[in-house]
Structure formats: C-alpha cells, structure tokens
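Hi everyone, thanks for making time.

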Amino acid sequence: MPKAVKYTKGSIIYFSGDKDDRVFILQSGIVILTTHDIESNSQITEQVKTGEFFGVKSALGHFPREETATVLTDSIVITMNVAEFETLFSSKKDVIIKMLRVFSHQLRMVHKKIESILHNSEEINQASGMLSVAKSFYNDEQYRSCCDVCIKLLTRFPNSELKETVAKLYADAKLRYDKTTARKHRTLPAQNAAPAKGALKQFSLPAFERFAKMFEPDQVIISEFEPGDCFYLIQSGEVQLVKCVNGAKKNLDILKPGEFFGEMAILDNSPRSATCVAINQVELLEFNKENFQSLIAGNPQIALILLKLFCKRIYDQKRRLNILVISDLQARIADVFVMYDEMNPVQNIEDRSRKFNLTIASVAHWAGLTPEVAREEINKFIEKRKLEVFENYMIVSNITDMKRIVDTKSVQKTN
C-alpha cells in the first residue's frame with residue numbers, strides 16, 4: 001500500500017541515475033528536481049507543486065532517473081510502487097489524460113530539438129509538406145503510396161492552391177502503378193505477421209470490432225504533415241515509419257503487433273510528424289478524438305499502455321539527442337553502439353564483443369550524419385580493428401572501448 005514518508009530538510013529522495021520503481025506525490029513541503037540540459041549541460045531546477053506526481057517516467061519505463069530529487073524543507077511524500085500506482089489511478093481518467101498531455105508535450109519538445117540539430121525545423125505549410133512526401137514516394141517508384149498521399153492531401157486541403165499539381169502527380173503515379181501492379185504483387189505478397197500476445201488480449205473482445213481497419217501492402221495509413229485526428233493499435237502485420245527530409249525518405253522504425261502509433265497528434269492537436277506505411281497486410285484498431293476519452297474511461301488499461309509508451313519514447317528520443325549533441329564524430333558513432341548495447345543487454349557481461357543488426361545507413365541515421373561521412377568514420381574503427389562491418393550487421397570487438405571513447409570525447413557539445 002502507498003505510504004507517507006517524512007523527509008528532513010537537505011535529504012535526497014533519489015539521485016540521477018538511480019533505478020527503482022517508486023512513484024511519488026508531494027503531500028507537503030518543498031521538493032526540487034535538478035537535471036542538466038542535454039545540449040548546454042546547464043543545470044535545470046524545477047519545483048514540485050503540492051499534490052503533483054514525480055518520478056513517474058523512470059518508474060513506468062524502468063529507466064534510470066533523469067533528475068535528482070532534493071528536499072528543501074521538511075516534507076511528507078506519498079510513495080508507491082508501479083503496481084500500486086496502476087491499481088489506484090488506472091480508473092482516474094482525468095489524472096491519466098493530464099499525464100498523457102504533459103508527456104506528449106515533453107516528447108514534442110525533444111523532437112523539435114532533434115529536428116533543430118538536424119536542420120529540419122523550418123516551418124512548412126502542411127499541404128506543401130504532404131506534396132513533398134508524395135513526391136518522395138514517386139521518386140522512389142512507390143506509386144501506390146504516392147497516390148495515397150495525394151488523395152489524403154486533396155481530401156484534407158480541397159481548396160489548396162497546389163491541388164492541380166497534386167492532381168497531375170496523382171494521375172501520373174496512378175498510371176505507373178496500374179502498369180506495375182501485377183509485378184509488384186508477385187514480388188511483394190501480402191503476409192500477415194502473427195499477432196502479439198499480452199498487450200492485444202484486451203483488444204480482442206467483440207466490442208472492439210467496430211474499430212477494425214485493414215490496409216494493404218504499401219498503403220499509406222497516415223501521412224506526415226496531415227492533421228492528426230486518430231491513432232492506431234496494430235493487431236497484425238507490420239508498419240514502416242518514414243520521414244521526409246529535404247525531399248528524400250528516411251526510414252525511422254518498423255512497428256509490430258501490439259504497438260500504438262499516431263497517439264501524439266491526438267493529444268496535442270499537432271500535424272503528423274511521420275508517415276506510416278503498411279509493409280504487408282495490416283489489421284489495425286482505429287481510435288479517434290471523439291471516442292478517445294470514453295475509450296479510456298471504459299478501458300483504463302489502454303491509458304496505462306499509452307502512458308508507458310510515452311515514457312519509452314521520451315527516453316528513446318532523449319537518448320538519440322544525447323548522441324546528436326556530441327561534436328566529436330568518432331564519439332558520436334561510438335555512442336550509437338553504446339545505445340544499442342543498452343537496448344539489447346547480454347547475459348554474459350564478461351563477453352565484451354557485441355553483434356548489432358546495424359548497417360552504415362542506420363548508423364548514419366542515428367548519428368545524424370550523411371552515409372558518406374558515417375562510412376568514413378566507421379572505416380577508422382575498422383582500421384583500428386575495433387569494428388567489423390558486414391552487409392546486415394556489425395561486430396564491435398570491445399564495447400568497453402566504445403564507452404571509453406564516448407566518456408573521453410563527448411564532453412564537447414555542439415552549439
């Protein structure tokens with residue numbers, strides 16, 4: 001059961017880097033949270049208000065604490081573990097939605113910082129942005145996806161000054177798609193990935209059947225830049241996340257059954273930040289803004305799943321930001337390997353060799369470098385026999401060496 005704990009002035013509730021599953025609520029007194037800005041390394045201090053939660057993200061996400069919690073005056077703090085938090089607050093819709101909105105805002109801010117570092121943060125008209133997405137699919141000969149984005153653009157922005165350009169692009173892409181459909185279907189057969197267990201069990205009830213949607217291979221589910229008014233849960237199949245950068249597509253991630261996507265836009269009314277494309281035949285549950293709150297009220301576990309999802313995504317995005325602010329390119333690439341090691345812990349920690357399913361293109365993506373620059377830096381590791389590169393994977397000879405490079409060279413930050 002949750003319990004009230006008295007903390008005396010000057011005591012520390014937890015340190016940055018600690019791991020535990022406690023969630024806290026400040027009942028009385030003054031507690032401050034101290035962390036460091038990822039870009040400038042300057043200290044940031046935030047005072048916890050009476051009645052507020054703290055320590056939620058690291059507890060729910062099972063990540064190290066990002067901040068140090070210091071008691072400034074004698075205080076009383078309610079402490080509980082994750083299971084107790086879920087039991088007490090899963091039915092409190094308003095509390096959970098408030099947390100979701102706070103976490104959504106935090107995730108958006110981290111995302112904007114990453115975009116700024118990658119020089120992709122300029123404001124862009126939504127219709128123009130969607131047109132650039134459609135053109136990127138066209139240039140890659142993904143004509144079905146191009147057509148889908150064009151239709152979405154014309155539907156979302158029927159009075160856009162770009163509608164004639166979009167209509168011409170659609171007609172051309174449709175003609176090319178019709179000519180290649182038979183061949184494409186032979187080379188890309190529709191396949192249904194096995195549904196995930198656990199997270200999907202509660203969504204298999206007949207009550208959820210009305211939310212079901214089916215998508216074919218290469219069909220665009222949501223387009224970057226379009227207004228966000230619904231989110232999805234994958235029941236079967238796989239979904240590719242794609243981002244359009246300077247007119248070219250970049251693959252971000254592959255989502256599998258049991259994962260949500262599109263949830264950020266529904267909470268903060270922002271345009272979509274990525275395009276989601278069906279890799280094979282995909283079955284989804286689609287939830288919109290109108291039924292979102294009632295859905296959570298009737299199914300509190302959904303809110304908790306989303307809350308944990310935001311915790312993970314905030315951590316992942318901050319981890320990538322940590323890589324991007326390293327000015328030394330060798331250290332930046334080394335930190336990509338360190339990050340993958342953190343994501344995939346090994347059983348035998350004495351074995352310092354690591355095999356990662358990474359390519360030069362994926363390392364370049366995580367490090368925010370062009371493939372050419374990434375290849376040049378990776379060759380330096382190869383020459384020193386610290387790294388072996390194969391077609392679809394890499395072998396780091398000693399992960400401790402990579403950590404040492406990060407620790408010694410990452411002190412300089414990008415401006």
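By salt bridge I mean a side-chain nitrogen of Lys or Arg within 4 Å of a carboxyl oxygen of Asp or Glu. Side chains of opposite charge can pair when their charged atoms come close. Both Lys174 and Asp178 sit in helix H6, residues 163–187, four residues apart, which is about one turn of the helix. As for names, helices (H or I, at least four residues) and strands (E, at least two) are DSSP runs, numbered from the N terminus.

Quick word on where this comes from. It's a predicted model, so local features need pLDDT of at least 70 and side-chain atom pairs count only at pLDDT 80 or more, while totals for chains, interfaces and linings use all residues. Residues are numbered from 1 along each chain as its sequence is written, and side-chain values use heavy atoms, with hydrogens and water left out.

Are those two side chains buried or exposed? Buried means under 20% relative accessible area, exposed over 50%, and partly exposed in between, with a 1.4 Å probe and protein chains only. Lys174 is partly exposed at 31%, and Asp178 is partly exposed too, at 43%. Elsewhere, salt bridges with shared partners link Lys152, Arg156, Glu226 and Asp229 into one network.

How many salt bridges are there by this rule? The count comes to 24. One of them joins Glu86 and Lys308, at 2.6 Å from N to O. Glu86 is in helix H2 and Lys308 in helix H9, so this pair ties together parts 222 residues apart in sequence. Another is Glu216 with Arg144, whose closest N and O atoms are 3.1 Å apart. Glu216 lies in the loop between strand S9 (212–215) and strand S10 (220–222), and Arg144 in helix H5, so here the tied parts are 72 residues apart in sequence. Glu216 is partly exposed at 45%, whereas Arg144 is buried at 14%.

Now for the sheet. Four strands form an open, antiparallel sheet in the order S1-S8-S3-S6; two strands pair if DSSP finds at least two bridges between them. The edges are S1 (3–7) and S6 (53–54), each pairing on one side only. S3 (residues 22–28) and S8 (residues 75–81) are joined by six bridges, and Leu26 stands opposite Val77 in S8.

Last stop, helix H11, residues 360–367. Six of its eight residues are buried, so H11 is largely enclosed by the rest of the structure. Which residues of H11 are buried? They're Ile360, Val363, Ala364, His365, Trp366 and Ala367. Those buried residues pack against strand S13 (248–255), helix H9 (300–324), H10, H12 and strand S19 (394–396), where contact means heavy atoms within 4.5 Å. On the H10 side, Arg332, Ile333, Val336, Phe337, Met339 and Tyr340 meet Val363, Trp366 and Ala367 of H11. And just after H11, Gly368 takes a positive phi of about 70°.

That's my tour, so over to you for questions.

Notes
Axes are lines fitted to C-alpha atoms, for helices over the stretch in contact, and angles run from 0 to 180 degrees between N-to-C directions.
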